[in-house]
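My notes follow in the order I looked things up.

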Amino acid sequence: MEAELMEPVKKAVHELDALFKPRSIAIIGASQKELSIGNVIIKNLVHYGYTGALYPINPKMDEIRGIKAYPTIFEVPDEIDLAHVIIPAKFVPQTIEDCGKKGIKAVIINSAGFSEMGEEGVALQNEFLSIAKKYGIRIFGPNCQGIINSDPEYKAYCDFTFTFPKPGKISIVALSGGVGAFIMQSLFDLDIGMRMYASNGNASDVSIPDVIKYYGDDEETKAIILYTEGLSNPLEFMEVAKSVTKKKPILAMKAGRTEEGAKAAASHTGSLAGVDISTELIFEKTGILAFNNEEELCQVAMAFATQPFPKGNRVGVITNTGGPAVIATDELINSGLRLPALSEKAKSILQTTMLPEATIGNPIDVVATGGGAHFRSAMDVLMEEDEIDSIYINFVTAPFTDTDEVARNIVEVSQLKKKPVVCNFMTNMSLERFQETARILKDGGVPCYSFPTTAAKALGALYRYSKTRSRNIGEPKDFPGIDKKKADVIIRQAQKEGKSYLAADGVYEILTAYGIPVADWWLANDIFEAESAAENIGYPVVIKVESSAIVHKSDIGGVAINLKNAAEVTETLEKMKLKFGTRNVKYLVQKFLPGGKELIAGVSTKAGLGHLIMFGLGGIYVEVLKDVVFKIAPVTELEAGEMLSSIKAAKLLDGVRGEKAINKEMVIDIIQRVSKLVTDFPMITEMDMNPIIAIHDKVYVVDARIKID
Ligand code: ADP
Ligand code: MG
C-alpha cells in the first residue's frame, strides 16, 4: 500500500519519551501474587488500557495475569522501551547491565534499598547508575512509584497506585509518592482530569527539573503541579523553572516550613534565614505559584485546566444572590483583583436587558428570578467591556428558574475563551434536576466551586500567574565605581591570617570600596587617637569597643552614644578600658546620627544556592518583630524595591503622621551593592549591617560584620 511507503510525520523525539511514551514495557520481577507490586503494576497497565506490548519477566512462570511471561528479557522477541524493575536491591546492578544489552532506554526502579538506606545502599545506587550511564539508560527512581501518561495513544499506567484519571491538561510531578497520589486523587474527585504523573522517589537520575522540562515541552500539558521537599540542585531547578513558567504555570506546595523553624531565634541574618525559606525564594524568583494549602492548590488547578489567563486584575461580578457576592468581593480584593465601575455603554445595554429589580453595577445582580437570558446579557456585556479582564459568577440554582438554561448560557459565553470565567455554584446535588445543571457546567469546562472564597481564590491565582509571567526582574546592575581590588586585598589578608570575621576597619573599607555609605569613623588605638578622631569627625560621637571576641557590643556596655566633647570621650574610654582591657581591643569612634530609622540588611548562605540577601527593620526591632524578607542573590533593582515594599512595616518607610519618608533609592542601591559584593566574593558566608540608619534624606551603615570562609 502506498501509505506504508510514505514517511511518517516526524515528531520531535525527546530523551524521556521512552519513559513517558513507551511502546513496550517489560516488568522485571513480575509476580503471580495478587497485592504484590510486580502484580499490581501489570494489573494497572491492563486496567487502564495500555496500548503497547507488555512483557512480564519471571523465570518460573509461563504467564502472569494471562499475559505470556518470559524467563529473561533476552527471550523477549521485540524491542523494549521501558522496564519496571521490582526485584531485591542487590540484583539491580546486574539487571541494569542486562537492560543495557537488550537496548532498553528507560528503567523505572520501584525497588527500595538504595540511597535511602545508608552507605551500602548508596554504593549500590552508584553502581547501577554508572552501568546505566554506560548504556545511555535513563533511570527513574529507585524507591519510587513511577509514571502515568493518560494520553489515549499510550495509556501508560506505570505505577502501583489506585486512581485512574481521565485524560486532562494538568501534569503532576511529586518527589513524594504519597503527596503525588493524594493530589492525583483530588484532581480525580474534582473531575479535572490529568495529563501525566511522575513520582521519582530517590531521583537518582531523572530529576524533578528533568520532568518539569519535559512537561514544559509537552503541548498537551497546560499547567504543572509540583511537590518537592528541598532541591538537590537548586541552580539547575531555577534555570528550568524560569523558562517553563514563561510558557505555562507551575503550581507548587510550600513545604518544609515548620512552626519550630519560624520561631528560630533571630540574633543575626544566619538564624533569621534558618527556616527553610530557600525553596520559597526559588519559587518566587522563578515565577512558580506557591500555595500554603494543598486543597486550595487542587481547586485552583480546575481553573488552570480550562480557563485562559486574564490580561489584568479587573474583574466583573455577576450574581443572582446578595451575600455570596459580598464574600466573593472580599476575597477578590484580597487576591489583588479589583471591581471597576461599568462603562455608560454597558449600563445602558443592561438597563434594557435586565429585570427591573436587578442591580446594574459591578457586581451585576441579576436577582434570583433572573434566567438564562439575563445571565447571558450580563456575560456578553462584561466580555465586551475593555475595563474587565475576567468574570466571576455566583449562581444559586433558584427553584423558579430554568437552571439548565442558565448553565447553557454560561457555558456558551465561557467557551469563547475570551476572558476567564469561574463560577461559585450553589446547589443541592442530591436533587436530580440540579445534577443535570452541574453536568452542563462541568462538561462545558466551567470551573465550579462550592464556596465563593474558593472561586475567588481561583480567579486570583489565574491573575497571579499572568502577573508573574509578565514580570521581568531584569538583570543585576553593574556598578562602575566599585573598587573590587581593594576588597580583594582585605579579604585575602584576613584569609591568610586565618580570621573568620573581618576587623572593623576592613569591613568599613570594603563597604566604602563598594560604594556603600558608612558613618564617618576612625579605629583608635588609644585615648589620644580617639580624641583627635572625635575632633575630626565632629561632635557628638559614638564610641564602640572593637574586638574579634565581641559580637553584640551594646549588650555588654560596649557602645556609648552621644558623646558631646573631649571630656566625655576621655571619660568613656577610661571606663571601657577598665572593662575590656587593652589587649586586642580597639575603639571605634563614629559620627553620632540620632533620630533616624534603623534598618538591617544582611547576607547568609544556603548550600547549593549561594547567597541570600536580607532586608528589614533593624536595631532592636529585628529581635522583636523579625520583620525581614529574603531574596536570592544576585538581586536586581526591581527585586530590591520589592524587598522594601514587602516588609510588614513597609508603610513606616514612607513616613507616618507627617514624618518624612526615608531615602528608599539609597537603600535599594545599598541592597544591590551588597548583592554585588557577595557575588564577587563567594567566600563571604555571612554579613550583617545592623543598623543602617536612614536620616535626613541620607542613609549610613553604622554597624557591620563580615564573615568569610
Ligand atoms: P551592637 O549591634 O554590637 O550592639 P551597634 O553598633 O549596632 O552595636 O550599636 C547598637 C545601637 O546603638 C544601634 O542599634 C543604634 O541604636 C545605636 N547606635 C550605634 N551607632 C550609632 C550611631 N553612629 N549613631 C546613632 N546611633 C547609633
Ligand atoms: Mg548592631
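I began with P540, which I found in the loop between α21 (527-537) and β21. The model is predicted, so I kept in mind that local features are read only where pLDDT is at least 70. I checked the peptide bond between Y539 and P540 and it is cis, with omega about -5 degrees.

Next I looked for another bond of this kind. N690 and P691 are joined by a cis peptide bond too, with omega about 5 degrees. I placed P691 in strand β27.

I then turned to phi. D191 is not a glycine, yet its phi is positive, at about 60 degrees. I located D191 in the loop between α6 (177-189) and β11 (196-199). I flagged these entries because most residues other than glycine have a negative phi, and most peptide bonds are trans.

I moved on to the domains. The assignment for the chain lists domain 1 (14-145), domain 2 (161-306), domain 3 (308-470), domain 4 (484-591) and domain 5 (597-708). I looked up one separation: the centres of domain 3 and domain 5, taken over C-alpha atoms, are 43 Å apart.

Where does ligand 1 sit? I found ligand 1 in the second largest pocket. The elements giving two or more residues to its shell are β21 (541-546), β23 (586-591) and β27 (684-695). Which of them gives the most? That is β27, with three residues. Domain 4 (484-591) and domain 5 (597-708) each supply at least three residues to the shell.

I went through the shell by residue class. It holds eight nonpolar, four polar and five charged residues. There are 17 residues around ligand 1, and those that come nearest are K544, K553, S554, K591 and E598.

I listed the polar pairs next. The side chain of K544 has an N or O atom 2.7 Å from an oxygen atom of ligand 1. For D703, a polar side-chain atom lies 2.9 Å from an oxygen atom of the ligand. With Q590 the ligand uses a nitrogen atom, 3.0 Å from an N or O atom of the side chain.

How much of ligand 1 does the protein bury? Taken alone, the ligand exposes 540 Å², and I noted that the protein buries 85% of this area.

My last entry returns to β27. This strand carries P691, and β27 is also the element that gives the most residues to the shell around ligand 1.

Key: Residues are numbered from 1 along each chain as its sequence is written. Chains are lettered from A and ligands numbered from 1 in the order in which they are written. This is a predicted model: local features need pLDDT of at least 70, side-chain atom pairs count only at pLDDT 80 or more; totals for chains, interfaces and linings use all residues. Side-chain values use heavy atoms; hydrogens and water are left out. A residue is near a molecule or strand if one of its heavy atoms lies within 4 Å of it. A polar contact is a pair of N or O atoms within 3.5 Å; within protein, one must be able to donate a hydrogen and the other to accept it, and residues adjacent in sequence count only if both atoms are side-chain atoms. Accessible areas come from the Shrake-Rupley method with a 1.4 Å probe; for residues, only the protein chains shown count as cover. On a 1 Å grid over the protein atoms alone, a cavity is a set of points where a 1.4 Å probe fits but cannot get out, and a pocket is an open set with protein on both sides within 12 Å along at least five of seven lines; lining residues have an atom within 4 Å of a point. A molecule sits in a cavity or pocket if more than half of its atoms lie within 2 Å of its grid points. Helices (H or I, at least four residues) and strands (E, at least two) are DSSP runs, numbered from the N terminus. Ala, Val, Leu, Ile, Met, Phe, Trp, Tyr, Cys and Pro count as nonpolar, Asp, Glu, Lys and Arg as charged, and the others, Gly among them, as polar. Domain bounds come from an automatic or database domain assignment.
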